[in-house]
Structure formats: structure tokens, C-alpha cells
Amino acid sequence: MGAKSFDRGVGIVIAAVAGGAAVLLWIAVAAGRPSPGELPSQGLLLGIWRVLYDLAAPAPRVILGAVALAFLFVAGIAMLERRTSSKARRSLNDRTTPLSAGIVMARTRGVFAGEVTVTVLVPAYNEEASIFGTLSALLAQSHRPERVVVVADNCTDRTVEIARTLGVEVFESRGNTAKKAGALNQVLKRILPGQGDNDLVMVLDADTSLDDGFLAAAVARFTNDRALMAVGGLFYGEEGSGMLGQFQRNEYIRYSREIRRRRGHVFVLTGTASLFRPVALRTVASCRGDTIPGTNGDVYDTAALTEDNELTIALKSLGALIISPSECTVVTEVMPTIRSLWVQRLRWQRGALENIGAYGVSPPTFRYWAQQLGLGYSVIALSAFLLLLLVTLLAIDSWVWFPFWLGVGFVFTAERVVSVWAGGRRARLLALALFPELLFDVFLDLVYVKGIIDITLGRQADWGHVIHPAPDDALQKVK
């Protein structure tokens with residue numbers, strides 16, 4: 001493919017650029033001379049060093065400069081993303097952007113491909129604890145799917161038995177060692193040849209429940225827009241798992257809120273629940289090994305740790321129009337332990353880095369590079385903030401209130417509370433406490449740093465599938 005692959009070097013690139021930006025900002029701020037006024041307080045740090053502290057607010061030029069840089073950065077990314085999206089939609093290059101709106105609309109103009117149908121694939125690996133709830137919510141949709149296939153991948157529990165009791169089809173993978181992506185590739189090679197332009201293929205995780213109206217809203221979107229190639233869901237966390245679960249629910253609420261503010265323009269088509277036009281999946285499979293990474297003929301790249309993120313980049317690279325409407329919501333599992341959460345997030349982070357490394361720097365991937373650089377910079381900023389807070393506590397003789405930084409902290413806390421308001425009282429109280437969520441952010445920052453280190457050193461990542469114990473009445477529910 002034309003784009004240069006960064007492979008393991010992607011970690012070094014991200015760390016170097018983010019670190020360099022932080023150093024430049026530090027130098028720019030430090031270069032200014034202190035304004036005359038109240039002398040900074042002095043205190044003993046661990047009995048050895050004397051450290052100076054400026055009790056005044058930053059100079060106006062520093063504040064304005066920081067705000068201006070932030071706006072320029074955000075505006076620049078938004079403008080480039082919009083320009084890339086518009087160019088892809090208008091493109092008529094059948095080789096590089098075969099899924100662009102211009103090409104799709106020209107090909108389907110005046111052609112009636114029949115009524116829209118929905119085939120749902122439910123990949124499952126030992127999901128007897130959740131498969132009943134997932135299938136029940138799916139079969140209760142106001143727009144009932146025409147076909148449901150549980151893709152049982154090397155299951156050794158009662159997943160297949162429960163699925164068959166509910167009357168859905170079961171496809172059992174054969175000789176698959178490529179986990180979810182490999183199992184889906186096997187079943188897609190069987191069903192895609194018989195799918196028409198107005199048929200839809202949905203991939204729904206076995207631990208995810210669709211909210212009522214999901215399919216009806218998605219089908220309406222596809223019916224009204226022939227150029228639309230994929231629709232993803234907005235996901236929310238299930239109840240339970242104590243404070244750790246609430247951290248994740250708050251995180252998912254904020255992400256869904258951001259997508260709503262972007263009017264459905266999605267970063268990643270979530271693997272929890274997404275629908276695709278068959279032509280989009282067939283085009284991805286035919287382009288693999290040529291204009292996009294992967295093995296020719298496979299819809300999913302089995303080398304990718306995060307198959308949903310990789311498929312999103314593949315579709316965008318081919319010019320596809322994709323969205324996540326606010327009406328399409330799902331409830332998915334949250335990790336019950338710190339260890340399982342660590343493994344899950346490390347896989348997500350490693351997968352994101354590997355994906356942009358495989359696709360290189362291009363207009364469709366620029367947004368993903370900027371996101372990783374932003375994460376890297378935020379890791380440095382939060383670490384510096386907490387370090388300086390600790391140094392201050394150890395160094396000053398008596399506590400000093402900083403009105404300016406208290407004001408900044410109040411605005412930050414208010415934003416955290418407002419952004420999870422829809423999550424209810426527990427979500428708001430956790431956000432209001434501030435420091436617990438800051439500690440959770442530190443945890444995610446450690447995951448990010450570990451991902452950078454692991455990909456640079458070429459370490460193997462763990463898939464980290466969590467198997468939940470099945471309730472004793474799992475089969476009784478379906479009899």
C-alpha cells in the first residue's frame with residue numbers, strides 16, 4: 001500500500017512529538033520575566049531543596065497564548081477533518097475511494113434494490129451468562145431482524161444451547177485461532193454473497209443489549225440515505241461493579257455526549273453494535289492487501305487487536321460515510337475488576353497505535369494521530385499537575401489559597417458534573433468529588449504509557465476476554 005507503515009516506531013513518534021510539544025511550552029512560559037509584586041513564598045522541600053512559588057495568576061499573555069494555541073489546534077483538526085470528509089464524499093476515484101458518496105449515488109440512482117432487511121451476527125465465546133439477555137432485547141426490537149445468527153467461537157459452555165432454545169441460527173466456527181475477527185470472517189464469507197444493496201448486516205456483541213428502537217432508527221437512516229455505508233451505536237455501561245463500574249459509566253456517558261455534539265460524526269464504529277451495507281463489507285474485503293492492510297478476501301483484519309477501530313479506519317480510507325445517531329443506543333458490560341479493566345484498555349490502546357501505524361499518516365488517519373498526540377500531551381500535563389501539587393504540599397510552610405487556580409478548578413469540576421448529568425445522582429456525585437476521577441484518569445494514563453512501551457518493544461498483547469459466571473436459572477428462563 002502507498003502509506004508508510006510505522007510499525008513499532010509509532011510509539012516513539014507519539015512520545016517524541018507529545019514530549020517535544022510539552023518542552024516547547026515549558027520553555028515559552030519560563031522565558032518570561034516575573035512581574036514585580038508580592039515575593040513568592042519559600043519553603044523547605046524534604047529538608048534539602050528550597051523551591052520558589054509564584055502566588056500570582058499567570059500573566060495575561062500566557063493565558064491568552066495558551067487559549068489561542070488550544071483553539072488553533074482544535075480548529076485546525078476540525079477543518080482538516082471536514083475537508084477530508086467532503087473530499088472523500090465528492091471523490092469519483094473508483095480505486096482509492098470506491099465507497100464515496102459520489103460513486104455510490106451514481107451507481108444506485110434509479111435502482112430499487114428491494115425492502116431493507118437486517119441480518120444480525122452475534123459473535124460469542126462462552127457467553128452463557130449474557131446471551132439470553134442480548135437475544136431477548138434483540139428479538140423484542142420494534143423492527144425485528146429478519147435473521148439472527150449466533151457465531152459461536154470455540155464455545156465450551158451452554159451458549160449454543162441457550163441460543164438454539166430461543167430459535168435463532170447458530171454458526172460454529174471451525175479451526176479458528178483468530179478470535180472474534182476470524183470467526184466473523186468465516187460466517188461473512190458464507191452470507192455476504194447472497195446479500196443485496198438494501199440488505200444490512202449487523203454485528204452485535206453477545207454482552208450487549210440494544211435499547212428499544214435501535215434497529216428502527218438505523219433502518220430509517222439507511223432508507224433515507226443511499227450513500228450511508230455504516231451506522232454505529234452509542235454505548236452506555238451496565239449497572240453494577242461498584243465505584244469501578246461507575247467510573248466506566250461516566251466515561252461512556254461523556255463519550256456518547258461528545259458524539260451527539262458532533263451530530264453523529266463518529267471516531268470508531270463500536271464493536272458492541274454496528275450495522276453495515278454488504279457492499280461496504282465486500283469492498284473492504286476486496287481492497288485488503290492492496291489499498292488497505294490485511295489479507296485479501298477478509299472483512300476483518302485478523303492481525304488487528306481492535307477490529308472495530310481498524311474496520312472504521314478501513315471504511316473511512318475507502319471514502320465511506322458512517323455515523324452514530326443519537327437514537328441508536330446500547331448497554332454493554334463494564335469490567336468488574338481492576339485487572340480485567342487494565343487488560344481491556346491496554347488492548348484498546350495497543351490496537352489504536354497499531355492501526356495508525358499500519359495505515360500511516362494520511363488525511364483519513366490524521367484525526368487518529370491527533371487524538372493519540374493529544375492523549376500523550378494530556379498524560380504529561382496531568383502528571384506535571386499532580387507532581388507540582390505534591391511538591392507544593394511538601395514545600396510550603398502553611399497552606400496558601402490560589403484564587404486563580406481555584407477558579408480554574410471550579411470551572412473544570414462544573415464541566416465534569418454537567419457532562420455526566422444524564423447519568424443520574426451517583427454519576428454527578430462521583431464527578432463532583434473530582435479527585436477519584438482524577439485517580440481513574442491516572443490509571444488510564446498508566447495504560448497509555450504501558451501501551452507506548454509495549455508496542456515499541458514489540459511485546460505481545462493479551463486479549464483479556466472476561467467470562468462471567470452464568471446464573472443458575474440461565475436455561476430455566478428460556479424453557
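Here are some friendly notes on the predicted model above, point by point.

1. **Ground rules.** This is a predicted model, in which local features need pLDDT of at least 70 and side-chain atom pairs count only at pLDDT 80 or more, while totals for chains, interfaces and linings use all residues. Residues are numbered from 1 along each chain as its sequence is written, and side-chain values use heavy atoms, with hydrogens and water left out. Helices (H or I, at least four residues) and strands (E, at least two) are DSSP runs, numbered from the N terminus.

2. **The seven-stranded sheet.** An open sheet of 7 strands runs in the order E5-E4-E3-E6-E10-E8-E11, with mixed pairing; two strands pair if DSSP finds at least two bridges between them. Strand E5 (169–172) and strand E11 (321–323) are at the edges with a single partner strand each, so one side of each has no neighbour in the sheet. On average, neighbouring strands of this sheet are turned by 20° against each other, direction ignored. Val 201 stands opposite Phe 276 in E10.

3. **Helix H9 on that sheet.** H9 (residues 278–287) lies across E6, E8 (228–232) and E10, at about 70° to E6. Axes here are lines fitted to C-alpha atoms, for helices over the stretch in contact, and angles run from 0 to 180 degrees between N-to-C directions. H9 is mostly covered, with 8 of its 10 residues buried (under 20% relative accessible area, 1.4 Å probe, protein chains only; exposed is over 50%, partly exposed in between). Among the buried ones are Val 279, Leu 281, Val 284 and Cys 287. The buried residues of H9 pack against H3 (101–108), H6 (179–191), E6, E8, E10 and H10 (307–317), where contact means heavy atoms within 4.5 Å. Just after H9, Gly 289 takes a positive phi of about 85°.

4. **Helix H4.** In H4 (residues 131–139), the buried residues include Ile 131, Leu 135 and Leu 138. The buried residues of H4 pack against E3 (117–124), E4 (147–152), H5 (159–165), E6, E7 and H7 (214–224).

5. **The three-stranded sheet.** A further open sheet has 3 strands in the order E7-E12-E9, again with mixed pairing. E7 (208–210) and E9 stand at its edges, each with a single partner strand, so one side of each lacks a neighbour in the sheet. Its neighbouring strands are turned by 30° against each other on average, direction ignored. E9 runs parallel to E12 (residues 329–332), joined by 4 bridges; Tyr 236 faces Val 331 and Gly 237 faces Thr 332. From E9 (residues 234–237), Leu 234 and Tyr 236 point one way and Phe 235 and Gly 237 the other, and all are buried.

6. **The annotated spans.** UniProt (unreviewed entry) places "transmembrane region" at residues 12–31, 62–80, 375–396 and 402–422; such annotations may be inferred rather than shown by experiment. In the model, residues 375–396 are 95% helix and 0% strand, with end C-alpha atoms 31 Å apart. Residues 402–422 are 81% helix and 0% strand, with end C-alpha atoms 32 Å apart.

7. **H12 against H15.** H12 (residues 366–395) and H15 (residues 435–457) pack at about 125°, with their axes 10 Å apart. That makes H12 oblique to H15 (under 35 degrees counts as roughly parallel, over 145 as roughly antiparallel, 65 to 115 as roughly perpendicular and the rest as oblique). Residues that meet include Leu 375, Val 379 and Leu 382 in H12, and Leu 438, Val 442 and Tyr 448 in H15.
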